[in-house]
Amino acid sequence: MQTGFFSRKGPSGFSSSSAAEQVTDGIDASGLTAIVTGATSGIGAETARVLALPGVHAIIGVRNLGAA
C-alpha cells in the first residue's frame with residue numbers, strides 16, 4: 001500500500017493509484033464518441049480500451065494500419 005502524497009484521495013474520491021476501471025465504474029457512456037490517437041500501443045491503447053468499457057464508441061487514429 002502506498003503512503004504519502006500520491007496515495008491521498010482527492011475531492012473525486014480517487015488517487016493516483018486508482019485504476020481506470022474504478023474511475024469509470026458505474027458510468028453509462030453509451031451514445032458518446034471519442035477519437036483516440038496513438039491507440040495502437042501504450043497509453044493510447046489503454047485509453048481506448050477503458051473508454052470502450054462503459055460504452056463509448058472509440059475511434060482510433062493510427063499511422064500504420066498494420067499496427068491496428
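Is Glu46 buried, partly exposed or exposed? With a relative accessibility of 34%, Glu46 counts as partly exposed, a class lying between buried (under 20% relative accessible area) and exposed (over 50%), computed with a 1.4 Å probe on protein chains only.

The structure is a predicted model, in which local features need pLDDT of at least 70 and side-chain atom pairs count only at pLDDT 80 or more, while totals for chains, interfaces and linings use all residues. Residues are numbered from 1 along each chain as its sequence is written, and side-chain values use heavy atoms, leaving out hydrogens and water.

Two salt bridges are found when the whole structure is searched; the term denotes a side-chain nitrogen of Lys or Arg within 4 Å of a carboxyl oxygen of Asp or Glu.

| Salt bridge | Closest N and O atoms |
|---|---|
| Glu21 and Arg49 | 2.4 Å |
| Arg49 and Glu46 | 2.9 Å |

The bridge between Glu21 and Arg49 links distant parts of the chain, with Glu21 in helix H1 (residues 20-24) and Arg49 in helix H2 (residues 42-52), 28 residues apart. Helices here are DSSP runs of H or I with at least four residues, numbered from the N terminus. Glu21 is partly exposed at 33% relative accessible area, and Arg49 is likewise partly exposed, at 37%.

Arg49 and Glu46 are separated by about one helical turn, because they lie three residues apart in helix H2. Through shared partners, the salt bridges join Glu21, Glu46 and Arg49 into one network.

Conventions
Helix = DSSP H or I, 4+ residues; strand = E, 2+ residues; numbered from the N terminus.
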